[in-house]
Amino acid sequence: MVVMRDVAIAKSEFVPDQKAITKVQDFQELPELFEYCSLPQIVQYVKCFTGPNIMSMHTMLINKPPDAGKKTSRHPMHQDLHYFPFRPADRIVCAWTAMERIDRSNGCLVVLPGTHTGELKQHDYPEWEGGVNKMYHGVRDYDPSLPRVHLTMEKGDTVFFHPILIHGSGMNRTAGFRKAISCHYASSDCYYIDVKGTTQENIEKEVIELALKRYGVEEILLKDAWMAKGRLVQGERINL
């Protein structure tokens, strides 16, 4: 698994006795957490988007920290497809479940309804004064006047959304960590693409640099990273 820490409080204990872990990603090897991805209450809706052959492609346990005053607990507006080298987008879906009440005070999700019908846009690091967390890329060009919906959720509520939907989350203005769990699913009938020469080339470059620095792995492509962490949830593993 990958453990992430907020850039502003990585070396501190913002809340006594609680290390500043922002997110745990890629928990597919941890049975207790991965059980979430196969819950019948989740999968019954996922298969409406993916069909019967369901892959778990990306897992996250999100622990949004109290903002340290630099607004780094925000997540820039983005499209999840920016990170995914597989298509078609219409066979990919995210399930995002609140582990406690989540509202604007602790940084709920905010979405731009209808943007899932658009195209994948260019993403880069936003130029935020307080810095930005690793791989928190944001949409470079979108209409900020578009209507926004803030998703107030109770514990156990789950939202399902398309990978082209523009979304993000605000600051956590409370004294506690805000917790949620999510999984990105895809049909195993999906296929990998070469991202060279596309708007996704920058994220592949960053993944290559990270693989070399952290693991000493050379000659890796973005799709190789996703192939390694994809897991079959239901049906047959075909392409992914």
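Tutor: Quick definition before we start: two strands pair if DSSP finds at least two bridges between them. And keep in mind that this is a predicted model.

Student: Got it. So how does S6 pair with strand S11?

Tutor: S6 and S11, which covers residues 158–161, pair in the antiparallel sense over four bridges. Within that pairing, Ala95 stands opposite Phe160 in S11.

Student: And what about S13, how many bridges there?

Tutor: Seven bridges link S6 with S13 (residues 178–187), again in the antiparallel sense. Ala95 turns up here too: its bridge partner in S13 is Cys183.

Student: Is S6 enclosed or open to the outside?

Tutor: Seven of the seven residues of S6 (residues 92–98) are buried, so the strand is largely enclosed by the rest of the structure. Buried here means under 20% relative accessible area.

Student: Which residues point which way from S6?

Tutor: Ile92, Cys94, Trp96 and Ala98 point one way, while Val93, Ala95 and Thr97 point the other way. Both sets are buried.

Student: OK, switching topic. What's the strand order in the open sheet of four strands?

Tutor: The order is S4-S12-S7-S10, and the pairing is antiparallel.

Student: Which ones are the edge strands?

Tutor: S4 (75–78) and S10 (149–150); each of them pairs on one side only.

Student: How many bridges join S7 to S10, then?

Tutor: Two bridges join S7 (residues 109–111) to S10, and these strands run antiparallel.

Student: And which residue stands opposite Val110?

Tutor: That's His150, in S10.

Key. Residues are numbered from 1 along each chain as its sequence is written. This is a predicted model: local features need pLDDT of at least 70, side-chain atom pairs count only at pLDDT 80 or more; totals for chains, interfaces and linings use all residues. Side-chain values use heavy atoms; hydrogens and water are left out. Buried means under 20% relative accessible area, exposed over 50%, partly exposed in between (1.4 Å probe, protein chains only).
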